[in-house]
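Please have the coordinates open as you read.

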Amino acid sequence: LRGHVSAVARGRWRGHSVDGNGDCVVLTQLPMYFPATDSPFVREQKKTIYFEVKLLALRAGPTPQDCSGFSIGFAAQPYPSWRSPGWERGGLGVFSDDGCRFVNDSFGGRDFTMPFKVGETVGLGMEFELPENICSGDKHSKSCKVHIFFTRNGRRSESWDLHEEVDADSGDVEGLEGDYDLYGAIGLFGGVDFESCFDPAGWLWKPE
């Protein structure tokens, strides 16, 4: 990252990337999901991870032809620092410039939501549950049921099931099924100012 990230309050971080910054990703220092304690196979109940990012400003893009923006997502380590979440194995992300979502896929993603506007706060969560077919011998029976949901300004909106659709070109969903540590991931391209919140007390979205 060519820029800076600093803590401004408990569970809240503010950061920026410089004008013209190329693609990069900022990951949480510690995993937000830790299979040894968080897996539904261990705790026998659902586990949800979630965080929010407020888009404060957009400046010059990576090139004069490209706009700047960010993506909100999750990633398993090791993850390349020069790639946005969702573009490599063990990553998923939703992008501000076009609203597309990517899962282990750098081939264009899928249409998902509206682009993010400056001043908006978006959130992304992953819900891990025991599979319904846990005793069936199905190939996913040892993998969690994973649901990803998106919020905008505190309102839960679009969502998808991790296993519902996988691009043939993009491989599988390895690393995202609840058997790897997962870190919060913010992808940046161009000049971006943002503030992230990992403290539930500061979220616009309130869990039910």
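1. Let me start with the sulfur atoms. The sulfur of Cys100 has its closest cysteine sulfur in Cys67, at 12 Å, which is too far for a bond. With a disulfide taken as a pair of cysteine sulfur atoms within 2.5 Å, the count is zero. Cys100 is buried at 6% relative accessible area, and Cys144 is buried too, at 2%. Here buried means under 20% relative accessible area, exposed over 50%, and partly exposed in between, using a 1.4 Å probe and protein chains only.

2. A word on the ground rules. This is a predicted model, in which local features need pLDDT of at least 70 and side-chain atom pairs count only at pLDDT 80 or more, while totals for chains, interfaces and linings use all residues. Residues are numbered from 1 along each chain as its sequence is written, and side-chain values use heavy atoms, leaving out hydrogens and water.

3. Seven strands form an open sheet in the order β1-β2-β12-β4-β8-β9-β10, and their pairing is antiparallel. At its edges are β1 (3-9) and β10 (155-161), each pairing on one side only. On average, neighbouring strands are turned by 20 degrees against each other, direction ignored; the axes behind that angle are lines fitted to C-alpha atoms, and angles run from 0 to 180 degrees between N-to-C directions. Strands are DSSP runs (E, at least two residues) numbered from the N terminus, and two of them pair if DSSP finds at least two bridges between them.

4. Between β1 and β2 (residues 12-17) there are six bridges, in the antiparallel sense.

5. Which salt bridges are worth a look? The model has 10 salt bridges, counted where a side-chain nitrogen of Lys or Arg is within 4 Å of a carboxyl oxygen of Asp or Glu. One of them joins Asp199 to Arg10, with the closest N and O atoms 3.2 Å apart. Asp199 lies in the segment after β12 (192-197) and Arg10 in the loop between β1 and β2, so this pair ties together parts that are 189 residues apart in sequence. Asp199 is buried at 15% relative accessibility, whereas Arg10 is exposed at 69%.

6. Glu195 and Arg12 also meet in a salt bridge, at 2.9 Å from N to O. Because Glu195 is in strand β12 and Arg12 in strand β2, the pair ties together parts 183 residues apart in sequence. Glu195 counts as buried at 12%, and Arg12 as partly exposed at 25%.

7. Another salt bridge has Arg59 and Asp19 as partners, 2.6 Å apart from N to O. Arg59 sits in the loop between β4 (47-58) and β5 (69-75), and Asp19 in the loop between β2 and β3 (24-27), 40 residues apart. Arg59 is partly exposed at 32%, and so is Asp19 at 42%. Elsewhere, salt bridges that share partners join Arg12, Arg14 and Glu195 into one network.

8. Finally, what does the side chain of Glu127 make a polar contact with? Its partner is the side chain of Arg156, at 3.4 Å. A polar contact is a pair of N or O atoms within 3.5 Å; within protein, one must be able to donate a hydrogen and the other to accept it, and residues adjacent in sequence count only if both atoms are side-chain atoms. Glu127 lies in strand β8 (residues 121-129) and is buried at 9% relative accessibility. Leaving aside neighbours within four places in sequence, Glu127 has contacts (heavy atoms within 4.5 Å) that include Lys46, Lys47, His147 and Phe149.

How values were computed:
Helices (H or I, at least four residues) and strands (E, at least two) are DSSP runs, numbered from the N terminus.
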